[in-house]
Amino acid sequence: MVNALARKLELFGPLSDDDRRLLDETIMRPRTVEDHQDIIREGDAPEDVHLVLEGFAMRYKILPDGRRSIFAYLIPGDFCDLNIFILKAMDHGIATLSACTMVDIPRQRILELLERPAIARALWWATLVDEATLREWLVNMGRRNAESSIAHLFCEIHLRLKSIGLADGGEFYFPVTQRELSDTMGLSAVHMNRSLQNLQAMGLLTVRRSKIKIHDIDRLHEMCEFNSNYLHLDGSKTIKKQMRCRTETCMGMLSADRHQGAGDRGKSLPRPPCRETLMPRYFIDTDDGDRLHQDHTGHVLPDTEAARKTALDALPDMARDKIPDGDTRTITATARDEQGNVVYAATLTLKGERGPGYVREG
């Protein structure tokens, strides 16, 4: 098995043969975790540090009303909970998206890793990159429209996977559902579906099940204003340039007394509602005044009332992304059942009126 941890840490600085040997010993006892299983739940105090060797996982929180927010994706080489040495309990949950190969690392081994200057520096660097990524996600959700936000996420995941040899050209495996993407972007499932269709209609990318193919990487980067500087993937080159002095003097960070807690793992995460094959499927057609989007994928929902709410949820997202060209715009969302019968139609009208003080420029 390829040592995903060593492969990732070498992005942030060179490692000695002894460092690699210690990292190889660290991953000697992997275990398999099925898809959509909790690794850690909010409130847990895990005893070991968990590392993803293969597969994909996510960080998430569940709101009191049951809604979920996903705010990080973990790929091979990522730690799930290195912060247990500082915090008494987890403030969020971590769950697998696909079947994962994991390794549980005892705290004593983590302390041994931190005694190696090059490894300690790389771990600290990786932590700073995680913080920078979260900042970029805040910008993404707060200031970019739906299509740009989704494109930006795909550009990020593509580059992260490419850096560890898991992306072939513009094509990569990313096992997330539209519902999980909706929970990541804070968008309704209907608007997520519509936005993905728009990106594909623009010829930028193709999404097929769990595979994403970017047709023109430069064009996609330009469209969503993607700048990879926050990922700091040139760390190894930076270190080689800076570290002509003694490497041993670089890092005394992440002190050895950061350890606390005990907990359990392997708890089951409820599977997303879209996995329920016995429930009916409803199709939500939308029209923003410029383009009619017919939903050919559909949403698995318990009943017509859920279809009604899904249609209504789509309207604010569509309105937020559409600035009226004139003074009036009508946005609609229509829910159909599997027989093609309309079960609910929702309309939102944006209307503006010029006041006495309005002066047309030009």
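Student: In β7, which residue is the bridge partner of Thr32?
Tutor: Thr101. This is a predicted model, in which local features need pLDDT of at least 70, side-chain atom pairs count only at pLDDT 80 or more, and totals for chains, interfaces and linings use all residues. Residues are numbered from 1 along each chain as its sequence is written, and side-chain values use heavy atoms, with hydrogens and water left out.

Student: How many bridges join β3 to β7?
Tutor: Five, again antiparallel. Val49 has Ile105 as its bridge partner in β7.

Student: Why is β7 called largely enclosed?
Tutor: Buried means under 20% relative accessible area (exposed is over 50%, partly exposed in between; 1.4 Å probe, protein chains only). Six of the six residues of β7 are buried, so the rest of the structure largely encloses this strand. Cys100, Met102 and Asp104 cover one side; Thr101, Val103 and Ile105 are buried on the other.

Student: Which residues of helix α3 (residues 107-114) are buried?
Tutor: Arg109, Ile110, Leu111, Leu113 and Leu114. They pack against α2 (17-26), β3 (49-54), β7 (100-105) and α4 (117-143).

Student: What makes β8 (167-168) and β10 (205-208) edge strands?
Tutor: The open sheet runs β8-β9-β11-β10, with antiparallel pairing. β8 and β10 each have a single partner strand, so one side of each lacks a neighbour in the sheet.

How values were computed. Helix = DSSP H or I, 4+ residues; strand = E, 2+ residues; numbered from the N terminus. Contact = heavy atoms within 4.5 Å. Pairing = 2+ DSSP bridges.
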